[in-house]
Each structure stands twice: as structure tokens, then as C-alpha cells.
Amino acid sequence: MLQKIKDFKELVMFEHSIFSLPFIFIAMITAQNGWFGLKLLIFGIIATLSARNFAMAFNRYADRKFDITNPRTQNRPSVDGRISPNGMLIFILVNAIIFVLIGYFINPLCFYISFPILIVLASYSLMKRFTSMAHLMLGLSLGLAPIAGVIAVLGYVPLWSVYLCLGVLFWVAGFDLLYSLQDIAHDKKEGLYSIPSIFGAQKAILISRIFHVFTIIFWGLFIYNANLGLYMYIGLLISMIALTYEHYLVRKDFNNIPKAFFVVNGYLGIVFLIFCIIDLIL
């Protein structure tokens with residue numbers, strides 16, 4: 001049983017939840033102008049994790065025939081037999097039900113938007129077969145987290161939350177684009193679409209930089225529109241430095257891509273959340 005739990009944890013890369021969790025809490029703290037309550041904290045965590053489990057498991061299920069031909073992914077539990085296709089389908093269904101139920105218990109709007117959110121999350125897994133814009137769909141998938149967080153608190157979508165969403169969208173699309181540099185040869189061989197496989201590595205790096213410029217712009221608009229203070233601008237400055245360092249690592253050596261992807265971006269969200277808390281306290 002314990003081994004099976006570890007296999008599912010590896011399947012959905014559970015530790016990557018760190019990318020989306022800070023931004024749903026940033027949105028909820030900003031919406032409430034402080035502590036939003038234990039109930040929404042628990043609901044927010046469960047909703048985020050179930051949505052992410054659904055998205056990752058659906059992606060692994062849909063991409064099995066591609067993952068088995070990619071040296072980087074052929075040891076995933078979805079490919080090497082540790083988790084069966086039926087097991088993945090059950091896992092996908094259970095997490096979808098949990099996500100919808102959490103929305104129902106929060107408020108009616110959260111319940112209604114839970115269905116289109118699941119469609120968006122599933123769509124990402126299929127887009128790479130048709131368009132290189134899949135990076136942006138992944139960004140939207142994570143960018144919807146702060147929108148959902150705001151709706152949980154306020155029941156509507158203020159403009160500042162849209163800016164926060166767009167910042168997350170371009171942040172995620174930018175680092176996913178860098179991460180996909182590892183799969184250029186495989187994507188070309190399998191006829192999959194990605195910005196690196198279509199435009200080449202150097203243009204992909206340039207596009208990623210442009211995406212991350214948009215990230216800083218939209219997060220700046222979020223801070224300004226939400227009337228947040230100096231500490232959030234300091235957090236924004238640190239985020240800009242972190243993204244610059246990420247591009248430096250990748251530009252220097254593609255072997256640094258995992259470090260740039262996991263470490264830099266993981267800390268970025270946490271730091272931004274910490275400065276949001278400090279800003280509201282002080």
C-alpha cells in the first residue's frame with residue numbers, strides 16, 4: 001500500500017504543487033485583506049491538490065504512447081507498469097469529484113466554474129498534438145488558481161485578480177518553454193508541437209524571456225490595482241531577479257534546466273507569498 005502511494009505521488013509529481021499553492025493564497029489574502037479563515041485554507045489546499053492531481057494524472061494517461069519513447073519519461077509509473085491505465089482513470093475520476101464537491105461546499109460560483117476549469121486542465125494534455133501554444137494553456141491552468149481563490153473569498157472576480165492570473169500564466173508558460181528544450185528531438189520525432197521544436201532553441205529562449213517580461217508587468221499591475229504596499233514591490237523585484245537568474249542558468253548550460261525549473265521557480269512563489277503576508281501585516 002505504501003509503495004502504491006509513492007507511485008501515485010511520483011505520477012503526479014506531488015512536490016510541484018509548490019508552483020500553484022502560493023498564488024491561490026496570495027489571491028485569498030489580498031481578497032480578504034488578511035486572514036481568510038481555517039475553512040477556506042483547508043478547502044483551498046484540497047481544491048488545489050485535487051485539481052492538480054486530476055491534471056497531472058490525465059496528462060500521464062493521455063501521453064503514455066509518447067512518454068514510452070522519450071528517455072526522460074520512460075520510467076514514469078504510467079509507462080513502466082507500476083500504475084495501470086484503469087488505476088489512472090479511477091484516480092482521475094476521484095480527484096475530479098473531490099474538486100467539484102469542494103467547489104459546491106464553498107459557494108455556488110465556485111461550483112459552477114469547477115466544470116470549465118476541469119476542461120481547461122484536461123485540454124492542456126491534448127494541445128501539444130495540434131499547436132505549440134500548449135505552453136500558454138499550461139500557464140492558464142495554473143493561472144486559474146488565484147482566480148478560483150478570489151471567487152472563494154469574494155464570490156466575484158476583481159480586475160487585480162485577472163492581472164495576477166495573467167502574470168502566473170506567462171510565468172508558467174515561460175519556464176515550461178525552457179523545460180521543453182530538453183525534448184526538442186523527441187517532439188520532432190513524434191510530430192508533437194512545442195515552441196522549441198518549431199522555432200528552435202534560441203528563439204524559444206527569446207520567447208521565454210518575453211513571456212517573463214509580461215509576468216513582471218502583470219504582477220506589477222496586480223500590486224498597483226490591488227493597492228498593495230512597498231513590500232510587495234520588493235517581492236516583485238526579487239521575483240524579477242530570480243527569473244533573470246533562471247535565464248542565466250539555462251543560457252549558460254542546458255544541463256541547468258532542472259535546477260532552473262524546480263529550484264528557482266519553487267522559491268519564487270514562496271517568496272512572493274511571504275512578502276504578501278508581510279505587506280498586509282506591516
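**Exercise 1. Find the element that holds Ile-119, and decide whether this residue is buried or exposed.**

Step 1: Ile-119 sits in helix 6 (residues 108-127); helices here are DSSP runs of H or I with at least four residues, numbered from the N terminus. This is a predicted model, in which local features need pLDDT of at least 70, side-chain atom pairs count only at pLDDT 80 or more, and totals for chains, interfaces and linings use all residues. Residues are numbered from 1 along each chain as its sequence is written, and side-chain values use heavy atoms, with hydrogens and water left out.

Step 2: Buried means under 20% relative accessible area, exposed over 50%, and partly exposed in between (1.4 Å probe, protein chains only). Ile-119 has 57% relative accessibility, so it counts as exposed.

Step 3: For a reference point, take Ala-57: it is 62 residues from Ile-119 in sequence and 14 Å away in space, C-alpha to C-alpha.

**Exercise 2. Describe how helix 3 and helix 6 pack.**

Step 1: The axes of helix 3 (residues 38-62) and helix 6 come within 9 Å and cross at roughly 30 degrees. Axes are lines fitted to C-alpha atoms over the stretch in contact, and angles run from 0 to 180 degrees between N-to-C directions.

Step 2: Angles under 35 degrees count as roughly parallel, over 145 as roughly antiparallel, 65 to 115 as roughly perpendicular and the rest as oblique. Helix 3 and helix 6 are therefore roughly parallel.

Step 3: Now list the contact (heavy atoms within 4.5 Å). Helix 3 gives Ala-51, Phe-54, Ala-55, Phe-58, Asn-59 and Ala-62, while helix 6 gives Leu-118, Leu-121, Ala-122, Tyr-124, Ser-125 and Leu-126.

**Exercise 3. Which residues have the most contacts inside the largest nonpolar core?**

Step 1: A nonpolar core is a set of buried Ala, Val, Leu, Ile, Met, Phe, Trp, Tyr and Cys residues joined through side-chain atoms within 4.5 Å.

Step 2: The largest one has 90 residues, and Phe-23, Ile-26, Trp-171, Leu-181, Trp-219, Phe-222 and Phe-272 have the most contacts inside it. Helix 8 (residues 159-179) supplies the largest share of this core, 14 residues.

Step 3: Look at Phe-222: beyond its neighbours within four places in sequence, its contacts include Ile-26, Trp-160, Leu-164 and Phe-272.

Technical notes
Helix = DSSP H or I, 4+ residues; strand = E, 2+ residues; numbered from the N terminus.
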